[in-house]
Amino acid sequence: MSLLPQVLFQEADFWIIHKPAGMSFHAESQDVGFVQWMNEHYPNQTFYPVHRLDRITSGLIILATNKVAAQEFGQLFEQHLIKKFYLALTAKKPKKKQGSIKGGMQQGRRGSWLLNQSQTNLAHTQFFSCALKPGIRLFLLKPKTGKTHQLRVALKSLGSPILGDERYGGGVCDRGYLHAFHLSFEWQGQQKQYQYLPVSGDEFNGVESVLAEFGFDKPLSLAWPK
């Protein structure tokens with residue numbers, strides 16, 4: 001793994017950190033996990049994880065720095081008051097270019113998940129997409145719920161698995177092309193907003209100008225599909 005976590009912002013109650021693609025959130029076998037790495041490199045600071053990202057996913061993570069803040073973040077996530085937006089790339093044409101994906105998340109084999117037609121464990125994802133370059137399509141994703149592997153399963157259901165996501169049919173690549181791009185929420189009466197572009201993955205080259213061209217760089221201002 002070539003990249004390491006990067007502290008982007010430090011607030012009294014929380015830090016915003018960039019997690020690199022390919023790093024597990026918690027330690028796995030001999031591999032150092034993201035939380036373990038943070039604890040080892042900032043021994044004078046106590047961290048309380050309040051959400052997580054999959055190993056393949058890069059991008060923004062909140063770590064609370066005290067128990068009270070951690071409990072408050074837990075309530076914000078539970079009430080869906082933290083807005084999250086992701087970028088993803090696919091090499092396969094989707095069934096539709098924008099819209100909404102809803103379905104029940106069902107556990108499959110060997111840690112994978114499936115999307116079904118039920119309302120049980122409901123997952124809801126809104127999305128826009130556009131061409132990034134020939135043969136590569138860019139998705140801007142807004143998860144309305146926070147289910148395990150939700151975005152990965154949603155894009156597979158469109159016939160457009162995430163590039164590099166081998167578990168869900170995205171093929172082999174230099175990384176999994178899913179990135180936690182934007183976080184916004186209200187904290188103690190102040191609106192907080194954080195946005196960070198991918199820093200690894202050759203296929204992400206040129207993404208900044210395309211995001212601006214389609215207005216995807218301002219996800220809060222878009223009229224999202226229902």
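Buried means under 20% relative accessible area, exposed means over 50%, and partly exposed lies in between. On that scale Lys144, at 38% relative accessibility, counts as partly exposed. The model is predicted. It holds 18 aromatic pairs and six salt bridges. A surface patch of positive charge includes Lys144.

**Aromatic pairs**

- A pair of aromatic rings is described by the distance of the centres and the angle of the planes.
- The structure has 18 such pairs. In one of them, the ring centres of Phe14 and Tyr194 are 6.3 Å apart and the planes stand at 85°, so this pair is edge-to-face.
- That pair links distant parts of the chain. Phe14 sits in strand β2 (residues 14-19) and Tyr194 in strand β11 (residues 190-195), 180 residues apart.
- Phe14 and Tyr194 are both buried.
- A further pair is formed by Phe127 and Phe139. Their ring centres are 5.7 Å apart with planes at 45°, so the pair is tilted.
- Phe127 belongs to strand β8 (residues 122-133) and Phe139 to strand β9, so their pair ties together parts twelve residues apart in sequence.
- Phe127 and Phe139 are both buried.
- Ring pairs also build a cluster from Phe9, Phe14, Phe73, Phe185, Trp187 and Tyr194. The edge-to-face partners Phe14 and Tyr194 are therefore among its members.

**Salt bridges**

- Side chains of opposite charge can pair when their charged atoms come close.
- The structure holds six salt bridges. One of them joins the side chains of Glu11 and Lys192, at 3.3 Å from N to O.
- The Glu11 and Lys192 pair links distant parts of the chain. Glu11 is in the loop between β1 (6-10) and β2, Lys192 is in strand β11, and 181 residues separate them.
- The two partners differ in cover. Glu11 has a relative accessible area of 30% and is partly exposed. Lys192 has 13% and is buried, because the cut-off for buried is under 20%.
- Arg152 bridges to Asp54, with the closest N and O atoms 3.0 Å apart.
- Arg152 lies in helix α3 and Asp54 in the loop between β3 (48-49) and β4 (57-64), so this bridge ties together parts 98 residues apart in sequence.
- Arg152 and Asp54 are both buried.
- Arg152 also bridges to Asp165, where the closest N and O atoms are 2.7 Å apart.
- Asp165 lies in the loop between α3 and β10 (178-187) and Arg152 in helix α3, so here the parts tied together are 13 residues apart in sequence.
- Asp165 is buried, as is Arg152.
- Shared partners join Asp54, Arg152 and Asp165 into one network of salt bridges.

**Positive surface patch**

- Which lysines gather in the patch of positive charge on the surface? They are Lys83, Lys102, Lys144 and Lys226.
- Lys144 sits in the loop between β9 (136-143) and α3 (150-157).
- Its relative accessibility is 38%, so Lys144 falls in the partly exposed class, between 20% and 50%.

- Asn121 is in the loop between β7 (113-116) and β8.
- At 30% relative accessibility, Asn121 is partly exposed.
- Gln188 is placed in the loop between β10 and β11.
- With 60% relative accessibility, over the 50% cut-off, Gln188 counts as exposed.

**A buried loop residue**

- Phe25 lies in the loop between β2 and α1 (34-41).
- Is Phe25 buried or exposed? Its relative accessibility is 2%, so Phe25 counts as buried.
- Phe25 and Thr120 are 95 residues apart in sequence. In space, their C-alpha atoms are 27 Å apart.

Terms used. Residues are numbered from 1 along each chain as its sequence is written. This is a predicted model: local features need pLDDT of at least 70, side-chain atom pairs count only at pLDDT 80 or more; totals for chains, interfaces and linings use all residues. Side-chain values use heavy atoms; hydrogens and water are left out. Patches are made of residues with over 30% relative accessible area and no salt bridge: like charges are joined within 9 Å, nonpolar side chains (Val, Leu, Ile, Met, Phe, Trp, Tyr) within 5 Å. Accessible areas come from the Shrake-Rupley method with a 1.4 Å probe; for residues, only the protein chains shown count as cover. A salt bridge is a side-chain nitrogen of Lys or Arg within 4 Å of a carboxyl oxygen of Asp or Glu. Lys and Arg count as positive and Asp and Glu as negative; His and the chain ends are not counted. The place of a charge is taken as NZ of Lys, CZ of Arg, CG of Asp or CD of Glu. Helices (H or I, at least four residues) and strands (E, at least two) are DSSP runs, numbered from the N terminus. Buried means under 20% relative accessible area, exposed over 50%, partly exposed in between (1.4 Å probe, protein chains only). Rings of Phe, Tyr and Trp (its six-membered ring) pair if their centres lie within 6.5 Å; planes under 30 degrees apart count as stacked, over 60 as edge-to-face and the rest as tilted.
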